[in-house]
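My entries follow in the order I made them.

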Amino acid sequence: MVDVTFQPNRVAGSQAARKRGGMRNALRRKSTVAFVMTLPLILLILILVVYPAFYSLHLATLNKSMAKFVGFGNFEFLFRRDTFWLVVKQSCIFAISAVIFKALIGFIVAHFVHNVPAKKQRKWRGMLLVPWVIPPAMSTLAWLWLFDPSYSAFNYTLSFLGIGPIPWTGDAAWARFSVILVNVWYGAPFFMIMYLAALKSVPEQLYEAAAIDGANWWQRIWYVTLPMMRNIIAITTLFSLIVTFANFDIVRILTAGGPLDHTHIFATWAFRVGIEGSDVPLGASVSLFMVPILAIAAVFILRDISKRGNEA
C-alpha cells in the first residue's frame, strides 16, 4: 500500500505558485499593463472632471439659496430671457468663426513651413509657436493695450492713413471682431503644428503620381493632401471647438462681455450670473447648456471619422 499523507505546506506552496504565475500572465497582457499605467489618469479624471460635472448637474436643480429643489426651473427661467439667447448666438458665432479662421490660417502656414528647407524649419516652428506658448491672460493684456480707446497702437497707425479712430471694444461689431481676432492669433499655431505633422506623413509618391497625371497645385491639395489629412483636421477641429466654446480669459479681459452684453459667451456670462450675481445654480445651468451643443458636434465629427475608418 502506498502511504499518502496530507501535506498542507506543499498545497499552500503550489497555490501561491499558481497565483504568481497568474499574476505574471496578467502583466504580460498588453491590455492589463495599459490599464494599470492609465489608472492614475483615470482616477484624476474622475476626481477633477466627472465629479464636478455631476455636482454641477446637482447645482442646476437648486434655487438661488441652494436650499430647495426646483428641477428644470433654472433652465425654464433662462429660456425666457433674451440675454440668454443672445449669449447662445454670440457663443456660436465666436466659436465657429474662430475655428474656421484658425484652421484656414494653420493650414496655409503649415504648407509654408513644410516647403521651407529642413535646416530653417526649426526656427520657423519656434517663432510661429510663440503665440500659443504665451499664457492667454498675459498676451490678452497686450492686446488690450493695442485696442485701448485712448492709446491704441492700431488707431495711432491708422491715423497716418487717415482712418479712425476705431472703437475696438466700444462698438458691438468691432468688439466681436476683436475677441475673435485675439482667439485666432492665439489658437492658429496649434492648428499649424498639427497640420505640419500630418503633412510630413503624406507619402511623396502620391504627389509625384498626381504630377505625372497632370494635376496642378490646387488639384494636388484637393485630391491628395486633404483626403490624407481629413482625420487630423476633424480631430483638431473638434478639440478646438470644445476649447473655444469654453474660453473665458480672452473675452473677460478684453471686453468683460460688453458693450451691453454683446460679447458675452457661455463661460463669461455664467461667471457674471453665478459668481458676480451670487446665483451659483443659475450660473451652473448656463455652463451646462454647452454640453448638448458640443455633444451634437462631437457625434457628427466622430461618426464621420469612424465611417472613413471602416471604409479604409
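Before the first pair, I note the conventions: axes are lines fitted to C-alpha atoms, for helices over the stretch in contact, and angles run from 0 to 180 degrees between N-to-C directions. Helices (H or I, at least four residues) and strands (E, at least two) are DSSP runs, numbered from the N terminus.

I also note that this is a predicted model, in which local features need pLDDT of at least 70 and side-chain atom pairs count only at pLDDT 80 or more, while totals for chains, interfaces and linings use all residues. Residues are numbered from 1 along each chain as its sequence is written, and side-chain values use heavy atoms, with hydrogens and water left out.

**Entry: whole chain**

I looked up the secondary structure and found 15 helices and 0 strands. Of the 312 residues in the chain, 35% are buried (under 20% relative accessible area; exposed is over 50% and partly exposed in between, with a 1.4 Å probe and protein chains only). The chain exposes about 19,700 Å², of which carbon and sulfur atoms supply 70%; the areas come from the Shrake-Rupley method with a 1.4 Å probe, and for residues only the protein chains shown count as cover. I then took the contacts (heavy atoms within 4.5 Å) with a separation of 6 or more, and 68% of them are between residues 24 or more positions apart.

**Entry: α10 and α11**

Two packed helices are described by the angle between their axes and the distance between the axes. For helix α10 (residues 204-212) and helix α11 (residues 217-245) I read an angle of about 160° and axes 10 Å apart. The two are therefore roughly antiparallel to each other (over 145 degrees; under 35 is roughly parallel, 65 to 115 roughly perpendicular and the rest oblique). Their crossing is right-handed, the near helix being turned clockwise from the far one by less than a right angle.

Which residues of α10 and α11 meet? On the α10 side I listed Leu 206, Tyr 207, Ala 210 and Ala 211, and on the α11 side Arg 220, Val 224, Thr 225 and Met 228. By class, this contact has 6 nonpolar, 1 polar and 1 charged residues (Ala, Val, Leu, Ile, Met, Phe, Trp, Tyr, Cys and Pro count as nonpolar, Asp, Glu, Lys and Arg as charged, and the others, Gly among them, as polar).

**Entry: backbone**

I found a cis peptide bond between Gly 258 and Pro 259, with omega about 0°. Pro 259 sits in the loop between α12 (249-254) and α13 (266-276).

Met 66 is not a glycine, yet its phi is positive, about 55°. I placed Met 66 in the loop between α2 (30-59) and α3 (73-79), and at 41% relative accessibility it counts as partly exposed. Ser 278, also not a glycine, has a positive phi near 55° and lies in the loop between α13 and α14 (280-288).

Is Ser 285 buried or exposed? Ser 285, in helix α14, is buried at a relative accessible area of 0%. Not counting residues up to four places away in sequence, Ser 285 touches Ala 60, Asn 74, Phe 75 and Leu 78. Its C-alpha is 9.8 Å from that of Gly 73, 212 residues apart along the chain.

Ser 91 is in helix α4 (residues 82-114) and counts as buried at 1% relative accessibility. Neighbours within four places aside, I found Ser 91 in contact with Phe 245, His 264, Ile 265 and Phe 266.

Ser 306, in helix α15 (residues 290-311), counts as partly exposed at 40% relative accessibility. I read 9.4 Å, C-alpha to C-alpha, between Ser 306 and Asn 231, which are 75 residues apart in sequence.
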